[in-house]
Amino acid sequence: MSTSMPARPAASVALVLALVATLGACGDLHAPDSRAGAASTPPAAPSPSAPGASPYVEPGAGDGAPHYNENNAYRREGDMAPAHEKDAQREADRIRPVIERLWERRKWDPATVRTALLRLGYEEERVTKDGRRLGGTLTVTGMSPRWKDDGYVTPEGTRVALRVHDDACVSGFVQKSNFEVRANGPYPETGCFEPPYGH
């Protein structure tokens, strides 16, 4: 009796190993070395055009887009002096209950909000056409238009801004869905009001 094994299982094992090695290399690109027997060279450093992190990302750059900080500078509020920040917070604490009461009563039109805030002793801010302030500290206006579906819509509601100091403001809004009142530094282009997105 013969004890030798048929060659067929050995060929099958060799075929499976070759198949595994081939599939394991999927996705790898291999360039043939034209110098037979030459020592392999280390891979080259990635080219500057290779995908990856942008070389232009600034520290603290939000979503990492190039020039994020520069492009969004208009949306950063200015710093407030500590004493002025306390003053602004004190005024925000005076305004918040009035805005909340109006919201609960479903009164968010500019005329009603203006009347309620003037009762707190504020005076409406007056500005010349060229932007020079003439007096007063309170600005009450309708909501800003927003893009919705295929055009701009202006939601019901009112925006409020109070200039407490040159470097300290209170801003807020009241509308059907919610309200907000907060102390903030002024914005470079829009004063006490937070600017809209999309510059």
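This is a predicted model: local features need pLDDT of at least 70, side-chain atom pairs count only at pLDDT 80 or more; totals for chains, interfaces and linings use all residues.
User: Let's start with Arg 163. Where is it?

Analyst: Arg 163 sits in strand S6, which covers residues 158-165.

User: Buried or exposed?

Analyst: Arg 163 is buried, because its relative accessibility is 16% and the cut-off for buried is under 20%.

User: What does its side chain pair with in a polar contact?

Analyst: The side chain of Glu 125, at 3.4 Å.

User: And which residues is Arg 163 in contact with, leaving aside neighbours within four places in sequence?

Analyst: Glu 125, Arg 133, Thr 137, Ala 168, Gly 191 and Cys 192.

User: Which residues are in the salt-bridge network with Arg 163?

Analyst: Salt bridges link Arg 163 into a network with Glu 125, Arg 133 and Asp 166.

User: Take Arg 133 and Asp 166. How far apart are the closest N and O atoms?

Analyst: 2.7 Å, in a salt bridge between Arg 133 and Asp 166. Arg 133 belongs to strand S2 (residues 133-135) and Asp 166 to the loop between S6 and strand S7 (168-174), so this pair ties together parts 33 residues apart in sequence.

User: How accessible are those two?

Analyst: Arg 133 is partly exposed at 39% relative accessibility. Asp 166 is exposed, at 58%.

User: How many salt bridges are there in the whole structure?

Analyst: The search finds 10.

User: I see Glu 91 and Arg 94 in a helix. Which one?

Analyst: Helix H3, residues 82-104. Glu 91 and Arg 94 are 3 residues apart there, about one turn of the helix. Their side chains form a salt bridge with an N to O distance of 3.3 Å.

User: What about Arg 182 and Glu 180?

Analyst: The side chains of Arg 182 and Glu 180 meet in a salt bridge too, at 4.0 Å from N to O. Arg 182 is partly exposed, with 23% relative accessibility. Glu 180 is also partly exposed, with a relative accessible area of 34%.

User: Changing topic to the sheet. What is the strand order?

Analyst: The order is S3-S6-S7-S8 in an open sheet of 4 strands, with antiparallel pairing.

User: Which strands stand at the edges?

Analyst: Strand S3 (138-142) and strand S8 (179-184). Each has a single partner strand, so one side of each has no neighbour in the sheet.

User: By how much are neighbouring strands turned against each other?

Analyst: By 10° on average, with direction ignored.

User: How many bridges pair S6 and S7?

Analyst: S6 and S7 pair over 7 bridges, in the antiparallel sense. As for positions, Val 160 stands opposite Gly 172 in S7.

User: Back to H3. Which strands of the sheet does H3 touch?

Analyst: H3 packs on the sheet and touches S6, S7 and S8. The direction of H3 makes about 170° with that of S8.

User: And helix H4, what does that lie across?

Analyst: Helix H4, residues 110-118, lies across S3, S6 and S7. H4 runs at about 165° to S3.

How values were computed
Residues are numbered from 1 along each chain as its sequence is written. Side-chain values use heavy atoms; hydrogens and water are left out. Helices (H or I, at least four residues) and strands (E, at least two) are DSSP runs, numbered from the N terminus. Buried means under 20% relative accessible area, exposed over 50%, partly exposed in between (1.4 Å probe, protein chains only). A polar contact is a pair of N or O atoms within 3.5 Å; within protein, one must be able to donate a hydrogen and the other to accept it, and residues adjacent in sequence count only if both atoms are side-chain atoms. Contact means heavy atoms within 4.5 Å. Two strands pair if DSSP finds at least two bridges between them. Axes are lines fitted to C-alpha atoms, for helices over the stretch in contact, and angles run from 0 to 180 degrees between N-to-C directions.
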